Amino acid sequence: MDYNYHTHTFRCGHAAGTEREYLETALNHGIRRMGFSDHIAFAFPDGYESGFRVPVSEVGDYFSTLRALREEYRGRIEIRIGFETEYYPKYFDAMLRNAAAWGAEYLILGQHFIANERPGGNYCGEPSGSAEGLHEYADCVIAAMETGVITYIAHPDLFHFTGSEEVYAAEMRRICRASVRTRTPLEINFLGIRGGRHYPNERFWRIAGEEHSPVTFGLDAHRPEDAFDGASLKTAQEMVGRFDLNYTGEPKLRPLAG
């Protein structure tokens, strides 16, 4: 594995280390194309900014730091600068316009909330038996894919559904079929593996294998030492074989213009 497009920075408030430390770890383990995709900055109409995102006031520093490092490391590692975003029906157009204006080179989707997050949004990683919530999650992920600007879907199995197996299978199959239709890869998320989280979810990946969905890998690095993760790579490769997944390798970055 010589690529990774899912890397965070300290600006999101729940990651640590400097960009240089991430790059050095990546270089030492054979990564040659690296994308930083910290949580997209966004101020809601009332001025509220989510605590897990890059603050709007720090966007300039995010880009200037990484652009300077790109020049410094030119010829050693290719650096791309993007964001991890959600698809909120009410706000996505504004989020996309902001990302393009700031100079983002790609977006990945990490749908952490539904119901536009604010007010009254629900975090998708909490256990939930709500069929309506799962349906809304699938709707958001599919709508994001259909925009044509999402490079891949990070942790597509994040929604922690505790309800009917039939409902889960039906909604996740919708996502997997949309990934085939739009040619949008689904990420096996290494943070979920190394953190022992509820994802990767075998139920989801069994369906992805049946539907022949395109699959990629993402380190989801929040610490410099996570900029390569050999143990999780081995687990992900085993999943590819076990579920007969359509591993398509490094994703092709999609421009924000569609």
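Rings of Phe, Tyr and Trp (its six-membered ring) form an aromatic pair if their centres lie within 6.5 Å; planes under 30 degrees apart count as stacked, over 60 as edge-to-face and the rest as tilted. By this criterion, a search of the whole structure finds 20 aromatic pairs. The structure is a predicted model, in which local features need pLDDT of at least 70, side-chain atom pairs count only at pLDDT 80 or more, and totals for chains, interfaces and linings use all residues. Residues are numbered from 1 along each chain as its sequence is written, and side-chain values use heavy atoms, with hydrogens and water left out.

One of the aromatic pairs is formed by tyrosine 5 and tyrosine 106, whose rings are edge-to-face, at 5.8 Å centre to centre and 85° between the planes. Tyrosine 5 lies in the loop between strand 1 (3–4) and helix 1 (19–28), and tyrosine 106 in the loop between helix 3 (92–102) and strand 4 (107–109), so that the pair links distant parts of the chain, 101 residues apart. Helices (H or I, at least four residues) and strands (E, at least two) are DSSP runs, numbered from the N terminus. Tyrosine 5 has a relative accessible area of 3% and is buried, and tyrosine 106, at 0%, also counts as buried. Here buried means under 20% relative accessible area, exposed over 50%, and partly exposed in between (1.4 Å probe, protein chains only).

A second example joins tyrosine 137 and phenylalanine 159, with ring centres 5.5 Å apart and planes at 50°, so this pair is tilted. Because tyrosine 137 lies in helix 4 and phenylalanine 159 in the loop between strand 7 (150–153) and helix 5, the pair ties together parts that are 22 residues apart in sequence. Both tyrosine 137 and phenylalanine 159 are buried. Elsewhere, ring pairs link Phe42, Phe44, Tyr48 and Tyr91 into a cluster.

Phe44 is also touched by serine 50, as is Glu117, not counting residues up to four places away in sequence; contact means heavy atoms within 4.5 Å. Serine 50 lies in the loop between strand 2 (33–39) and helix 2 (59–72) and is buried, at 5% relative accessibility. Its side chain makes a polar contact with the side chain of glutamate 117 (2.5 Å). A polar contact is a pair of N or O atoms within 3.5 Å; within protein, one must be able to donate a hydrogen and the other to accept it, and residues adjacent in sequence count only if both atoms are side-chain atoms.

Helix 4 (residues 131–146) and helix 5 (residues 165–182) pack at an angle of about 0°, with their axes 10 Å apart. Axes are lines fitted to C-alpha atoms, for helices over the stretch in contact, and angles run from 0 to 180 degrees between N-to-C directions. The two helices are therefore roughly parallel, a term for angles under 35 degrees. Residues of helix 4 that meet helix 5 include Leu134, Tyr137 and Val141.

The buried residues of helix 7 (residues 202–211) are Phe204, Trp205, Ile207, Ala208, Gly209 and Glu211. These residues pack against helix 5, strand 8 (186–189), strand 9 (214–218) and helix 8 (230–242). At the start of helix 7, a side-chain oxygen of asparagine 201 reaches to within 2.8 Å of the backbone nitrogen of arginine 203. Histidine 212, which follows helix 7, has a positive phi, near 60°.

How values were computed: Angles under 35 degrees count as roughly parallel, over 145 as roughly antiparallel, 65 to 115 as roughly perpendicular and the rest as oblique.
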